[in-house]
Amino acid sequence: MEKIPHKVTKHPIKRRSARPIKVGNIIIGGDAPISVQSMTKTDTRAIDATVRQINSLEKIGCEIIRVAVPDIKAVKCLGEIKKQINIPVVADIHFSYKLALEAIKQGVDKLRLNPGNISSQKHLSMIISAAEEKDIAIRIGINAGSVKKNSKSSRKPSGQNSKLMVEECLKYLRIFEKHKFYNIIISLKSSDVLSTVEAYRQMAGKCDYPFHLGITEAGPLPEGLIKSSVGLGILLSEGIGDTLRVSLTAPPEEEVKAGFQILQSIKLREYGPEIISCPTCGRCKIDVIKIVTKLKKQLSSISSTLPPIKIAVMGCEVNGPGEAKEADIGIAGGKTSGILFCNGKIVKRVKKEKLVEELISKILEERLHDISDIKEFKRLQPEIKEAVDLKSP
Ligand code: SF4
């Protein structure tokens with residue numbers, strides 16, 4: 001698996017203690033960094049398209065991938081898909097115990113089940129035994145939607161929904177534990193942020209299984225991202241959560257980027273470049289929006305290979321460097337020229353039209369020496385050249 005440079009920061013957030021669960025080559029829980037997952041949006045039966053999507057997601061940092069398993073044809077593709085990818089695969093199973101058993105046979109690394117959808121206890125026991133035998137984890141995924149269906153009223157206040165989700169989860173935990181199966185990860189998702197937060201909070205004190213966080217059916221961009229950031233942000237800041245998926249009605253790449261950005265924003269992980277830019281005001285001397293848009297585009301091709309770095313783009317040199325003191329490297333605009341600064345100190349004055357070019361050169365000069373693997377550096381050359389060749393706005 002390609003190594004994505006990242007840092008796990010020492011941080012005042014004290015994480016809830018959760019037992020470590022192995023999913024392929026990734027640990028969820030324990031001291032492991034909070035992992036970022038996504039789900040393929042291709043038809044699983046289209047092996048090539050699915051493999052392409054997974055490999056592209058891995059390139060930008062996705063650590064675990066879930067695939068839908070709607071039918072027997074799809075489940076039979078899992079073994080071949082697994083052969084062509086590097087990250088652990090989770091089979092998403094609904095209703096059919098036969099699909100679950102076949103997915104295990106195909107060598108998936110984890111199952112995601114809503115046990116409430118498996119109608120017979122006998123079938124559930126068969127799945128648990130097969131997972132035990134292959135030593136693979138099961139995520140017990142409780143969704144508010146299915147809990148509502150099982151309860152008398154479909155419209156419950158959010159507090160009651162959380163309670164129902166927790167009760168349902170505890171009910172299934174008892175079944176799994178009766179089979180002495182403890183290779184469990186839990187999720188309690190709702191499209192309602194407060195219900196989700198409350199459910200995880202309640203569950204946190206009741207077991208030590210790791211939690212997969214997510215706001216289900218969060219929606220399109222930016223709404224889905226905002227809902228997910230608020231919900232996941234609250235939980236993560238309370239130390240709750242061991243892996244996450246930001247589910248968005250958007251390309252899966254957006255889910256992965258959002259996952260890392262959420263973790264990065266509260267310093268649970270530091271990953272690639274982080275752009276700090278001012279909102280601009282009447283003092284602004286450069287087109288900050290245009291520069292940031294271009295910079296983001298240029299950095300996106302090399303961001304997953306860059307070590308963490310804070311880059312500032314500030315509209316004026318009077319206040320810019322001071323306001324962006326925490327940045328490693330930055331630029332600030334002046335009337336005809338601007339300044340390049342490092343750690344709040346001015347490095348040099350640069351013509352306005354050369355500002356972005358100088359900034360990218362400085363980022364690469366400062367940070368690429370951290371990449372010790374020369375081969376990796378050489379592999380990156382074309383992408384770096386493209387970034388440096390950027391025409392300034
Ligand atoms: Fe305004 Fe300058 Fe602050 Fe940007 S850095 S918001 S232009 S004062």
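Let's start with helix α7, which runs over residues 193–204 of this predicted model. Its twelve residues reach 17 Å from the first C-alpha to the last, close to the 16 Å expected at 1.5 Å a residue. Several residues of α7 are buried, among them Val193, Val197, Tyr200 and Ala204. Ser195, Thr196, Ala199 and Met203 in α7 are buried too. As background, an α-helix has 3.6 residues a turn, so residues three or four places apart point the same way.

Now move to a pair of helices, α3 (residues 97–105) and α4 (residues 121–134). Their axes come within 9 Å and cross at roughly 5 degrees. Angles under 35 degrees count as roughly parallel, and α3 and α4 are therefore roughly parallel to each other. Which residues meet between them? From α3 come Tyr97, Ala100, Leu101, Ile104 and Lys105, while α4 brings His123, Met126, Ile127, Ala130, Ala131 and Lys134. By class, this contact has eight nonpolar residues, one polar and two charged.

Stay with α3 for a moment, where you will also find Glu102. Is Glu102 buried or exposed? Its relative accessibility is 11%, and because buried means under 20%, Glu102 counts as buried. Setting aside neighbours within four places in sequence, Glu102 is in contact with Val75 and Lys76.

Finally, turn to the ligand. The residues around the ligand are Cys278, Pro279, Thr280, Cys281, Arg283 and Cys284, together with Gly315, Cys316, Asn319, Gly320 and Glu323. Sorted by class, this shell divides into five nonpolar, four polar and two charged residues.

Note on methods: Residues are numbered from 1 along each chain as its sequence is written. This is a predicted model: local features need pLDDT of at least 70, side-chain atom pairs count only at pLDDT 80 or more; totals for chains, interfaces and linings use all residues. Side-chain values use heavy atoms; hydrogens and water are left out. Axes are lines fitted to C-alpha atoms, for helices over the stretch in contact, and angles run from 0 to 180 degrees between N-to-C directions. Helices (H or I, at least four residues) and strands (E, at least two) are DSSP runs, numbered from the N terminus. Angles under 35 degrees count as roughly parallel, over 145 as roughly antiparallel, 65 to 115 as roughly perpendicular and the rest as oblique. Contact means heavy atoms within 4.5 Å. Ala, Val, Leu, Ile, Met, Phe, Trp, Tyr, Cys and Pro count as nonpolar, Asp, Glu, Lys and Arg as charged, and the others, Gly among them, as polar. A residue is near a molecule or strand if one of its heavy atoms lies within 4 Å of it. The expected span of a helix is 1.5 Å times one less than its number of residues. Buried means under 20% relative accessible area, exposed over 50%, partly exposed in between (1.4 Å probe, protein chains only).
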